[in-house]
Amino acid sequence: SNTADYWRSKAFRQEVCSKIEEEVKKSGNPKVMMKIPSEMENRVYLKAKTQVDYLSYVVRLLNCIRDSRGPTAPGQQQSQEQEVGAMGGTQSTAQQLPMQHLK
């Protein structure tokens, strides 16, 4: 069905790219900032076989970028999961995402 494959859509992937780009900019880490967000997303996308795979890889990638900033404030981890949940917020798929797999 279309909704099951929404994570493969250009729109959703673009949203993920924007998130990655945002974190890369925030990182302020020159090594991270040299990387191209769309290439990072594409690598994750090619590796993922399912939506759950894809989102867990995205979360891991965002966490790696955040870790490159140095010590993170408490509560940042929680907002990470909420962000991923919100990424597809307008789509019914987002409500169906088993977010507990991403913890």
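Student: Why does Glu22 count as partly exposed?

Tutor: Its relative accessibility is 37%. Buried means under 20% relative accessible area, exposed means over 50%, and partly exposed lies in between, with a 1.4 Å probe and protein chains only. The value of 37% therefore puts Glu22 in the partly exposed class. A word on the background: this is a predicted model, where local features need pLDDT of at least 70 and side-chain atom pairs count only at pLDDT 80 or more, while totals for chains, interfaces and linings use all residues. Residues are numbered from 1 along each chain as its sequence is written, and side-chain values use heavy atoms, with hydrogens and water left out.

Student: What makes Lys26 and Glu22 a salt bridge?

Tutor: A salt bridge is a side-chain nitrogen of Lys or Arg within 4 Å of a carboxyl oxygen of Asp or Glu. The closest N and O atoms of Lys26 and Glu22 are 3.9 Å apart, so the pair meets that rule. Both sit in helix H1, 4 residues apart, which separates them by about one helical turn. Helices here are DSSP runs (H or I, at least four residues), numbered from the N terminus, while strands are E runs of at least two. Lys26 is partly exposed too, at 43%.

Student: How do you know that Glu23 is buried?

Tutor: Glu23 has a relative accessibility of 1%, so it falls under the cut-off for buried. Its salt-bridge partner is Arg69, with the closest N and O atoms 3.2 Å apart. That pair links distant parts of the chain, 46 residues apart: Glu23 in helix H1 and Arg69 in the loop between helix H4 (51–67) and helix H5 (76–87). Salt bridges that share partners join Glu22, Glu23, Lys26, Arg66 and Arg69 into one network.

Student: Which parts of the chain does the pair Arg13 and Glu41 tie together?

Tutor: Happy to show you! Their closest N and O atoms are 2.8 Å apart, which makes the pair a salt bridge. Arg13 lies in helix H1 (residues 10–27) and Glu41 in helix H3 (residues 37–47), so the pair ties together parts 28 residues apart in sequence. Arg13 is buried at 18%, and Glu41 is buried at 3%.

Student: Why is H4 called largely enclosed?

Tutor: Of its 17 residues, 12 are buried, so H4 is largely enclosed by the rest of the structure. Among the buried ones are Tyr54, Leu61 and Arg66.

Student: How do you know that the span of H4 agrees with expectation?

Tutor: The expected span is 1.5 Å times one less than the number of residues. For the 17 residues of H4 that gives 24 Å, and the end C-alpha atoms are 24 Å apart, so the two agree.
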